[in-house]
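Me: Could you walk me through reading a structure like this one, feature by feature? I would like the general idea each time, and then the case in hand.

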Amino acid sequence: MASILKAQKKNAAQADLKGKRKADAMDIDDEIAASAPKPKKNKQRVLLLSSRGVTHRMRHLMSDIEALLPHVKKDSKLDSKSQLHLLPELADLNNCNNALYFEARRHEDLYLWAAKTPNGPSIKMHVQNIHTMDELKMTGNCLKGSRGLLSFDKAFEDTEWGKLTKELFTHIFGVPSTARRAKPFIDHILTFSIVDSKIWFRNFQILEKDPLQPNGPPETTLVEIGPRFVLTPIRIFEGAFNGATVYSNPEFVSPAAVRSSIRQEHAKKYNVRKDAEQDSSRRKEQRQRDEDELAVSKVFA
């Protein structure tokens, strides 16, 4: 009987020792997990809106961008173009930390504001050579809501404004994996290239195989989808839609000034022609002779 009691006590002591070891191991694991840095989540949401006076081409471009970026929240048009300070508040109300604002001028000029809200920075750009998906009718296609790769030209690293623009575009056009409407597929690539101090935007589909040879060897190719447009940086501001000017493009000439110079050239041609007509009439008057005293009209008056 005594031997049985001793054996039970020994087994109980061993079980307690094992339990203490397990508890100590669990405490160590908890400490390691608490000390390990948590992975940062990419929480990016973009507010997309426009001003009054946009044309059908501008509206279709906005629809194409909304289809490309599943983390975009589209809002109604902003009534006043002079109250841009309201945009950070609208982004905050829509739980967005980025903003894309399309500003139309004179129903023919389009400007794009890209900003980080609420503290900035923000970039104002002139949009040119707009071609939408419906207009291009390219053969490329991609899944709606899929995440796209971002490809930036090497020239972005050569200038300070290029580095800042690249970082801002990465936040805006980079679709986070936690986006609600995003699909876990990567089948297209967004390219940003700098040519002649302008940013050229293109969208390509990634094809793993040649569609003409489906059973052939794998060969990665790119097929353009659309849309395409060209951005000319004008100014970079320190804040969101306001603040000090960080960068100003000295080569930018507004389209209104270009049209004014064209009108002045036409007016210059008109003025030259009118001056020539006046000189011709003046020379004719100078060549006229005075009437002779023996003229018929005076003799037989």
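Me: How far apart are the end C-alpha atoms of H2, and what should its 13 residues span?

Reply: Helices (H or I, at least four residues) and strands (E, at least two) are DSSP runs, numbered from the N terminus. The expected span of a helix is 1.5 Å times one less than its number of residues. For H2, the 13 residues should span 18 Å at 1.5 Å a residue, and the end C-alpha atoms are 18 Å apart, which agrees. Before going on, note that this is a predicted model: local features need pLDDT of at least 70, side-chain atom pairs count only at pLDDT 80 or more, and totals for chains, interfaces and linings use all residues. Residues are numbered from 1 along each chain as its sequence is written, and side-chain values use heavy atoms, with hydrogens and water left out.

Me: Which residues of H2 are buried?

Reply: Buried means under 20% relative accessible area, exposed over 50%, and partly exposed in between (1.4 Å probe, protein chains only). In H2 the buried set is Met58, Leu61, Met62, Asp64, Ile65 and Leu68. Looking down the axis of H2, these buried residues fall within an arc of 160°, so they line one face of the helix. The arc is that of the directions from the helix axis to the C-beta atoms.

Me: Why do residues three or four places apart point the same way?

Reply: An α-helix has 3.6 residues a turn, so residues at that spacing point the same way.

Me: How many salt bridges does a search of the whole structure find?

Reply: A salt bridge is a side-chain nitrogen of Lys or Arg within 4 Å of a carboxyl oxygen of Asp or Glu. The search finds twelve. One of them joins arginine 57 and glutamate 135, at 2.8 Å from N to O. That pair links distant parts of the chain, with arginine 57 in helix H2 and glutamate 135 in helix H4 (residues 133–136), 78 residues apart. Arginine 57 is partly exposed at 33% relative accessibility, and glutamate 135 is partly exposed at 38%.

Me: Where do glutamate 277 and lysine 274 lie?

Reply: Both lie in helix H6 (residues 255–287), three residues apart, about one turn of the helix. Salt bridges that share partners also join Glu108, Asp109 and Arg259 into one network. As for glutamate 277 and lysine 274, their side chains meet in a salt bridge at 3.6 Å, N to O. Another salt bridge pairs glutamate 157 with lysine 166, with the closest N and O atoms 2.9 Å apart.

Me: Is lysine 124 buried or exposed?

Reply: For charges, Lys and Arg count as positive and Asp and Glu as negative, while His and the chain ends are not counted. Lysine 124 is buried yet has no salt bridge, and the nearest side chain of opposite charge, glutamate 103, is 4.8 Å away. This lysine 124 lies in strand E5 (residues 122–131). A contact means heavy atoms within 4.5 Å. Leaving aside residues up to four places away in sequence, lysine 124 touches several residues, including Tyr111, Trp113, Pro233 and Phe237.

Me: Which strands pair with E8?

Reply: Two strands pair if DSSP finds at least two bridges between them. Strand E7 (residues 183–195) is joined to E8 by eight bridges, running antiparallel. Three bridges join E8 to strand E10 (residues 228–237), again antiparallel. E8 and strand E9 (residues 221–224) pair in the antiparallel sense over four bridges.

Me: What can I look up at the level of single residues there?

Reply: Valine 195 stands opposite lysine 198 in E8. The hairpin of E7 and E8 has two residues between the strands, and aspartate 196 takes a positive phi near 55° there. Phenylalanine 201 has phenylalanine 229 in E10 as its bridge partner, and glutamine 205 has valine 223 in E9. Strand E8 (residues 198–207) is mostly covered, with seven of its ten residues buried.
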